[in-house]
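A plain account in running paragraphs is enough.

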Amino acid sequence: MTAKARPKARPYVDARAQKGLWAASRFLVLRRASQLFFLALFLSGPFLGVWIAKGTLASSMTLGTLPLTDPFVFLQSLAARHWPEGLSVIGAAIVLAAYLLLGGRTYCSWICPINPATDLAAWLRRRLNITFTAKIRPDLRLYFVGAVLAASVLSGSIAWELINPVTALHRALVFGLWFGAGGTAAIFVFDLLVARHGWCGHLCPVGAFYGQIGKVALLRVTADNRAACNDCMDCFAVCPEPHVIGPALRGERSGATPVITAGDCTVCGACIDVCSKQVFHLGLRGRNAVRPDPSMTAPSPVARVVSSQPAVLERDLP
Amino acid sequence: MSDSSSGIPRDPRRRKALQDMTRFGGGAAVAATMLTAFGVSSRAKPAQALRPPGALPERDFLAACVRCGLCVRDCPYDTLKLADWADGPAMGTPFYVARNVPCEMCDTIPCVKACPTGALQHALTDIAKAKMGVAVITSRETCLNLQGLRCDVCYRVCPAIDKAITLEISHNARTTKHAIFEPVIHADDCTGCGKCEKSCVLTDSAIKVLPIEIAALKQDEHYKRGWEEKTKAGGALVDAPLKLPVRRPEGGTP
Ligand code: SF4
Ligand code: SF4
Ligand code: SF4
Ligand code: SF4
């Protein structure tokens, strides 16, 4: 409910002033690096003749030994009644296991090629002060997952891949099939003008599928330092799924865990970057301890922030 | 579970949730229907778009192929392409157009080996048994050999020369003194590689590879071929000459 507050145009200002530029943009930089890295794995072959990863995000072969297959595509193929023959079974199992450890929708914020486009739309929205947004409930996408699986059963084909803009963009980048990037352009316009975080936050069934994995995944963001929160709302302004923050951040009174357990969280770390009070950190599901209220131990608010800084930074470095 | 006996919850928030569920459920059903229709219509692909060796029949292929492009990457002749939105075959699926780059029928069939899903069946180990399509002389009116000339190019380039394509000699009725060497394709041995279509010297190839479901049909179940059944049975299927009823007008004499 608190997420409904109108986002600030420049939510990072406080964090930069108090933590410095790097600490206020670490996760953003790392995420862009990761997105480029995973793209480069696929592009070194066609451009430099050095083949690292072959294929696409739907299924790939890395260095001729590591098969990886998107479990959502795999599931649709099963629904379409194809029993796979070959490496895709192992590939899907490996990817599923990896995301069970690494957070589910980490796919969305660290790998998916659409993410930079939807991030850009969200950023422009803040800067241009576009406040209009169509109201779509975030769980609409779960219905889409069901629709996609039903269509796979009924049509006997991998239904979402017939139109999936995510893999289409990846093929555009890796195979040069540029029409496929059209869907991404449409998503950008939709996110910018029609609905805030419209695509990734409400519609994309791929993200919704990974979100289901995220519900039990080990790696999470935790608001373990929530006692330090000064209600600036900056984290709500930058989070692509603002509804996930509330329960963890405001769970003090009800004794709820500070860990962001909702599967929708993309583990993008924007909240970690933007928080000038170092409330958020990377953590593990089940590690429910909160940091002691600093006001009990530290004499003044200024000293509190300064003294807690170095330890926090060390712990967070990946 | 509901707050009232009528089944409609009185609590406005729960009522809203129920309404949302119905609305979203309806929306999802519409989406599923549209996607299903699109999935079914995607089975129709342009006749000139051929699938790689060993591909499952189109319907099963669309259930199996994850659009990874590994077959495309491992094709040494750049024969295979992934379909873009506007290309015709289902988006992201591999295909080739014989007139552009035909399949060179690699002995090791790297495309099939690369396929992680079995959309290209790993059971195909002898490329001569591949069935990507079947060549057909689609234009008898322009094929040079059929005009009585000796072009023979499609016949010469065929990797299965004298099996998949033979030249059948007949009388040239136009000149009355020459022969016609007609290229005839034998579906049993033709792999559909498309070398013939690629090399036809005409502006528009007179020989084209068509999908097998169009050009090479299976023998009908209910028409038995007596001579084949006879060999299968190892002898005549009926013991004695049949006594057939004599048909003549009643009271007539033979
Ligand atoms: S929600 Fe979909 S488009 Fe958005 S980042 Fe995740 S997979 Fe990509
Ligand atoms: S058999 Fe060889 S040339 Fe033909 S599609 Fe496969 S890899 Fe390409
Ligand atoms: S390798 Fe197999 S699954 Fe991948 S694109 Fe080719 S046919 Fe499809
Ligand atoms: S497609 Fe043409 S060249 Fe290839 S096997 Fe058939 S007849 Fe021969």
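Helices here are DSSP runs of H or I of at least four residues, strands are runs of E of at least two, and both are numbered from the N terminus. With that naming, the shell around ligand 1 receives at least two residues from each of α5 (106-110), α10 (198-203) and α11 of chain A. This is a predicted model, in which local features need pLDDT of at least 70, side-chain atom pairs count only at pLDDT 80 or more, and totals for chains, interfaces and linings use all residues. Residues are numbered from 1 along each chain as its sequence is written, chains are lettered from A and ligands numbered from 1 in the order in which they are written, and side-chain values use heavy atoms, with hydrogens and water left out.

The shell of ligand 1 consists of A:Arg105, A:Tyr107, A:Cys108, A:Cys112, A:Ile114, A:Val166, A:Trp199, A:Cys200, A:Cys204, A:Val206 and A:Gly207; a residue belongs to a shell if one of its heavy atoms lies within 4 Å of the ligand. By class, nine are nonpolar, one is polar and one is charged. Ala, Val, Leu, Ile, Met, Phe, Trp, Tyr, Cys and Pro count as nonpolar, Asp, Glu, Lys and Arg as charged, and the others, Gly among them, as polar.

Helix α11 (residues 205-214) of chain A also packs with helix α3 (residues 71-79) of chain A, at an angle of about 100° and with the axes 10 Å apart. Axes are lines fitted to C-alpha atoms, for helices over the stretch in contact, and angles run from 0 to 180 degrees between N-to-C directions. The two helices α3(A) and α11(A) are therefore roughly perpendicular, a term for angles of 65 to 115 degrees. Contact, meaning heavy atoms within 4.5 Å, involves A:Pro71, A:Phe72 and A:Leu75 of α3(A) and A:Pro205, A:Val206, A:Phe209 and A:Tyr210 of α11(A). This contact has seven nonpolar residues, no polar and no charged ones.

A second pair in chain A is α6 (residues 115-127) and α9 (residues 182-194), whose axes come within 9 Å and cross at roughly 25°. Helices α6(A) and α9(A) are therefore roughly parallel, the term for angles under 35 degrees. Their contact has nine nonpolar, two polar and two charged residues.

In chain B, 13 residues surround ligand 4, and the closest are B:Cys158, B:Cys190, B:Cys193, B:Gly194 and B:Cys196. The shell around ligand 4 has nine nonpolar, three polar and one charged residues.

Conventions
Angles under 35 degrees count as roughly parallel, over 145 as roughly antiparallel, 65 to 115 as roughly perpendicular and the rest as oblique.
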